[in-house]
Amino acid sequence: MSVISKLMEATEADTDVLQRLNADGDDFSKFREVDFTFKCESKDKADTVAGFLDDFQYGKSSVIVEEDQYMVQLLIDMPVTQNILLCVSGFMTCIAELYNVEIDGWGCIAQNGT
């Protein structure tokens, strides 16, 4: 699959999540911790990806292992307005492509009310 196809697929998935958050009354402009997860085939690859993310201070990364799968979790404190979220998510898709790992999406807790 080409990078453009991956970006388009990610945009559709991201927009679906934003629509669900909107239905829950989310205030997209409120900062919250957003986690992006990368699946890696080895500890070395996970360490390399986490090192890159930390070196350039894109967020706080950690290598985790779940069911014999190495993953990098990147935490970023950010709002999730559509333009910002889609830009960051697209960039994370490009990083995954650069390192030949799989981006497993993002998640956050809805921020509504006061």
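**Entry 1**

I began with phenylalanine 52, which counts as buried because its relative accessibility is 17%, and the cut-off for buried is under 20%. A reminder to myself: this is a predicted model.

Next I checked tyrosine 58, and this residue is partly exposed, at a relative accessible area of 30%. I then counted aromatic pairs and got 5 in the structure. Phenylalanine 52 and tyrosine 58 make one of them: their ring centres sit 5.9 Å apart with the planes at 35 degrees, so I put the pair down as tilted. For that label the angle has to fall between the under 30 degrees of stacked and the over 60 of edge-to-face.

Which residues form the aromatic cluster? I wrote down Phe52, Phe56, Tyr58, Phe91 and Tyr99, in one cluster.

**Entry 2: stepping back to the whole chain**

I listed 3 helices and 4 strands. Read from the N terminus, the order is α-β-α-β-β-α-β. The radius of gyration came out at 14 Å, close to the 13 Å the globule rule gives for 114 residues, so the chain is as compact as a globular protein of that length.

I also boxed in the C-alpha atoms along the principal axes, and the box is roughly 40 × 30 × 30 Å. Of the 114 residues, 31% are buried. The accessible surface is about 6,800 Å², and carbon and sulfur atoms account for 51% of that.

Then I looked at how far along the sequence the contacts reach. Taking contacts between residues at least 6 apart, 71% join residues at least 24 apart.

**Entry 3: the core**

Which members of the largest nonpolar core touch the most other members? Out of 23 residues, I noted Phe36, Phe38, Leu53, Val72 and Met92. The elements giving two or more residues to this core are helix H1 (3–23), strand E1 (32–40), helix H2 (43–55), strand E3 (69–78) and helix H3 (82–99).

**Entry 4: strands side by side**

How many bridges join E1 to E3? I found 9, and the two strands run antiparallel. Strand E2 (residues 60–66) also pairs with E3 in the antiparallel sense, over 7 bridges.

I stayed with threonine 37, which is in strand E1. Is threonine 37 buried or exposed? It counts as buried, at 13% relative accessibility. Leaving out neighbours within four places in sequence, threonine 37 is in contact with Met71, Val72, Glu102, Ile103, Asp104 and Gly105.

**Entry 5: two positive phi values**

I went looking in the loops. Glutamine 57 sits in the loop between H2 and E2, and its phi is near 55 degrees, a positive value in a residue other than glycine. Glutamine 57 is exposed, with a relative accessible area of 69%.

Glutamate 67 belongs to the loop between E2 and E3. The hairpin of those strands has 2 residues between them, and glutamate 67 takes a positive phi near 50 degrees there, although it is not a glycine. I have glutamate 67 down as exposed, at 80% relative accessibility.

**Entry 6: a couple of distances**

Where does leucine 98 lie? I placed it in helix H3. Leucine 98 is exposed, with a relative accessible area of 60%. Leucine 98 and valine 3 are 95 residues apart along the chain, and their C-alpha atoms are separated by 9.9 Å.

Threonine 48 lies in helix H2 and counts as partly exposed, at 42% relative accessibility.

Methods:
Residues are numbered from 1 along each chain as its sequence is written. This is a predicted model: local features need pLDDT of at least 70, side-chain atom pairs count only at pLDDT 80 or more; totals for chains, interfaces and linings use all residues. Side-chain values use heavy atoms; hydrogens and water are left out. A nonpolar core is a set of buried Ala, Val, Leu, Ile, Met, Phe, Trp, Tyr and Cys residues joined through side-chain atoms within 4.5 Å. Buried means under 20% relative accessible area, exposed over 50%, partly exposed in between (1.4 Å probe, protein chains only). Two strands pair if DSSP finds at least two bridges between them. The radius of gyration is taken over C-alpha atoms; the globule rule is 2.2 Å times the number of residues to the power 0.38. Contact means heavy atoms within 4.5 Å. Accessible areas come from the Shrake-Rupley method with a 1.4 Å probe; for residues, only the protein chains shown count as cover. Rings of Phe, Tyr and Trp (its six-membered ring) pair if their centres lie within 6.5 Å; planes under 30 degrees apart count as stacked, over 60 as edge-to-face and the rest as tilted.
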